[in-house]
Amino acid sequence: MSTLRRMSYAGKKRKLDKTRQDRLYFDSYSDVTIHEEMIADHVRTNTYRTAILKNSELIRGKVVLDVGAGTGVLSIFCAQAGAKKVYAVEACSIAEQAVEIVKQNNVEDVVEVRRGTVETVELPEKVEVIVSEWMGYALLHESMLNSVLYARDRWLKAGGLILPSRAELYVTPISDPVVEDRLYFWYTVKEQYGVDMSCMSNFARRCIKNSDITVSAVAMEDVLSHPARFAELDLHSVTAEELRTVKGRFTCESFGSAAVNAFCVYFTVTFPCPDKPHSLVLSTSPFKPETHWKQAVLYLDSPVEVVQDTPVSGEVSMFPSEDSSRHICIHVDYTIGEQKRQSKTFSIPDWTAEPQP
């Protein structure tokens, strides 16, 4: 789930109280556009459907909690897999549409939509299964995982099933030629129009290679090394306190000669599949079919030339923004080849900004 496309970047930053942060977050899911984008993401929606149906033996006759149910599609999948009861908990007004969708699919005897946050809704019983599509850009943007952990601790019976059950974060250096072309563009203006605008290149560099987390699709040919996993989250055991800083070290080697101008961060989530040799993985890797999450791109201030087997190493730290706990920040300490160690902190642009007077 993610609202980045609907964010407004204009205005001055200010720290918002949690109530207002939550209201803005939930309001962003009241419009049809974001639900259309998520349902239309075939990789996302079909992987969840497949995972739920493959776990039908563990879901049949059981009570399920869908955290952040949205339109209720995952709840309906669970009903189709034979669940005895599904509590579809949704905080925003899309819950009204979920009620209609549940009725239209004739599963109202199984799926019960409950309007409210999972932290405030009371259920009449414990559940054996929790399902949730909680992932944001760079996995942790929007902090919805905290609600899943609350639901786990409050409502899940011991030994219960969580879908998905594990998440992993990866990083890899990349070379984005589009950015370099945009910077070089200002050197071509004179030839086209007789006006030298090459002095704009430094300004363009500051604007483009800023500290924003850029959400975009990375072409696999622009990836410069095998991805390195730097963090893993087991949803059965991870705590909210541990999510306050998710970090890990990484080491990789470049494939060949190129200029590293960014790091790419992406995630996978894994669904257990009983009696199957392999688990089911939803991947947002540049090497896999594109999803609406795309990848998180972190632009370096200056490109660094690498050759075959140049080592690239460092540490990635992810933590909530001081301005809004639902926004993620990513800090990267890195060393490329023989260069001295460098660091840069990135954040999602502020969509809760107050307009300038």
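**A buried arginine and its surroundings**

Mentor: Arg44 is found in helix α3; helices (H or I, at least four residues) and strands (E, at least two) are DSSP runs, numbered from the N terminus. This is a predicted model, in which local features need pLDDT of at least 70 and side-chain atom pairs count only at pLDDT 80 or more, while totals for chains, interfaces and linings use all residues. Residues are numbered from 1 along each chain as its sequence is written, and side-chain values use heavy atoms, with hydrogens and water left out.

With a relative accessible area of 5%, Arg44 is buried (under 20% relative accessible area; exposed is over 50% and partly exposed lies in between, with a 1.4 Å probe and protein chains only). The side chain of Arg44 makes a polar contact with the side chain of Glu133, at 2.7 Å. A polar contact is a pair of N or O atoms within 3.5 Å; within protein, one must be able to donate a hydrogen and the other to accept it, and residues adjacent in sequence count only if both atoms are side-chain atoms. The Arg44 side chain also reaches the backbone oxygen of Met38, at 3.2 Å. Neighbours within four places in sequence aside, Arg44 is in contact (heavy atoms within 4.5 Å) with Met38, Ile39, Glu133, Leu282, His292 and Trp293.

Arg44 also takes part in the packing of two helices. Met38, Ile39 and Ala40 in α2 meet His42, Arg44 and Thr45 in α3. By class, this contact of α2 with α3 has 3 nonpolar, 2 polar and 1 charged residues; Ala, Val, Leu, Ile, Met, Phe, Trp, Tyr, Cys and Pro count as nonpolar, Asp, Glu, Lys and Arg as charged, and the others, Gly among them, as polar. The axes of α2 (residues 32-40) and α3 come within 5 Å and cross at roughly 65°, which makes α2 roughly perpendicular to α3. Axes are lines fitted to C-alpha atoms, for helices over the stretch in contact, and angles run from 0 to 180 degrees between N-to-C directions. Angles under 35 degrees count as roughly parallel, over 145 as roughly antiparallel, 65 to 115 as roughly perpendicular and the rest as oblique.

Helix α3 (residues 42-54) has a further partner in helix α5 (residues 73-80): their axes come within 9 Å and cross at roughly 30°. The two helices are therefore roughly parallel to each other. On the α3 side, Thr45, Tyr48, Arg49, Ile52 and Leu53 meet Leu74, Phe77 and Cys78 of α5. By class, this contact has 6 nonpolar, 1 polar and 1 charged residues.

Ala138 is found in the loop between β4 (127-131) and α7 (145-155) and has a positive phi of about 55° although it is not a glycine. Leu139 lies in the loop between β4 and α7 and has a positive phi of about 75°, again without being a glycine. Ala138 counts as buried at 6% relative accessibility, and Leu139 is buried with a relative accessible area of 1%.
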